[in-house]
Amino acid sequence: MSVFASLVERLADLLHPLFGATAAAAAIVLFTALVRLLVHPLSRAAARGQKARTALQPRIAELRRKHAKNPEKLQRAVLELHAEEKVSPLSGLLPSLCQIPAFFLLYHLFSSSSIGGEGNGLLGHQLFAAPLGDRWADALAGGGLFGAAGLVYLGLFAVVAAVASFNFVRAKRVPLPRIGGGEEVAGVGAITKVMPFLSFFTLVTVAVVPLAAALYVITSTTWSALERAALYR
């Protein structure tokens, strides 16, 4: 934690001439962008895998029909199909899994009052009037919804809502995979209807985690939206 705290402090020092008192917040955004840049090759691989899995859905639906009364044989057939087409069912999870350690590092770093036996100086940094170690509840308790810190959160919520709406519109435009005769693949329709709403759960995350971790989530979510728009054209 001490090493990570030192990294954030050094990034903040580098950015201070440009961002002044909000340099630590800018450092978190930059750190998030660097993490996402490192993960980008995995995201590209995940996009290729997603397209390949979507193309396999009609064939998997046919296997479900063929082996409806034999779940074990169905499972073997689906795994063999993925192996034959060299498609990993889990490839889409790798970009998200690789980001979890970075998120929890930030969460823990800005939730701890001390690091290495010394006071956590990072808690003194702010994004405008909102301390990076505080949560939305602290902003509401300190000045209310339209207080100085509360307004910072309202701005962040607006960004999250805009990104979620962008994801929602894009997800609604994605055509459902179909099998012969135009029939929808079983189960996929229901999942596709739910998926566009998942982006809005980011609002809950931003509201309950420390502001520094919320900045990571917002930056990463925005990056994902733009990245998916480019990779899934």
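Modeller: Contact here means heavy atoms within 4.5 Å. This is a predicted model: local features need pLDDT of at least 70, side-chain atom pairs count only at pLDDT 80 or more, and totals for chains, interfaces and linings use all residues. Residues are numbered from 1 along each chain as its sequence is written, and side-chain values use heavy atoms, with hydrogens and water left out.

Colleague: Which residues does A25 touch?

Modeller: Leaving aside residues up to four places away in sequence, A25 touches Q126, L127, L132 and L215. A25 sits in helix 2. Helices are DSSP runs (H or I, at least four residues), numbered from the N terminus.

Colleague: Why is A25 called buried?

Modeller: Buried means under 20% relative accessible area (1.4 Å probe, protein chains only). A25 has 3%, so A25 is buried.

Colleague: What makes a nonpolar core?

Modeller: A nonpolar core is a set of buried Ala, Val, Leu, Ile, Met, Phe, Trp, Tyr and Cys residues joined through side-chain atoms within 4.5 Å. The largest one here has 43 residues. F31, L109, F110, L127, L132 and L211 touch the most other members. Helix 2 gives the most to this core, with nine residues.

Colleague: How do helix 2 and helix 9 pack?

Modeller: Their axes lie 9 Å apart, at an angle of about 35°. Axes are lines fitted to C-alpha atoms over the stretch in contact, and angles run from 0 to 180 degrees between N-to-C directions.

Colleague: Which residue classes make up the contact of helix 2 with helix 9?

Modeller: That contact divides into 13 nonpolar, six polar and four charged residues. Ala, Val, Leu, Ile, Met, Phe, Trp, Tyr, Cys and Pro count as nonpolar, Asp, Glu, Lys and Arg as charged, and the others, Gly among them, as polar.

Note on methods. Buried means under 20% relative accessible area, exposed over 50%, partly exposed in between (1.4 Å probe, protein chains only). Helices (H or I, at least four residues) and strands (E, at least two) are DSSP runs, numbered from the N terminus.
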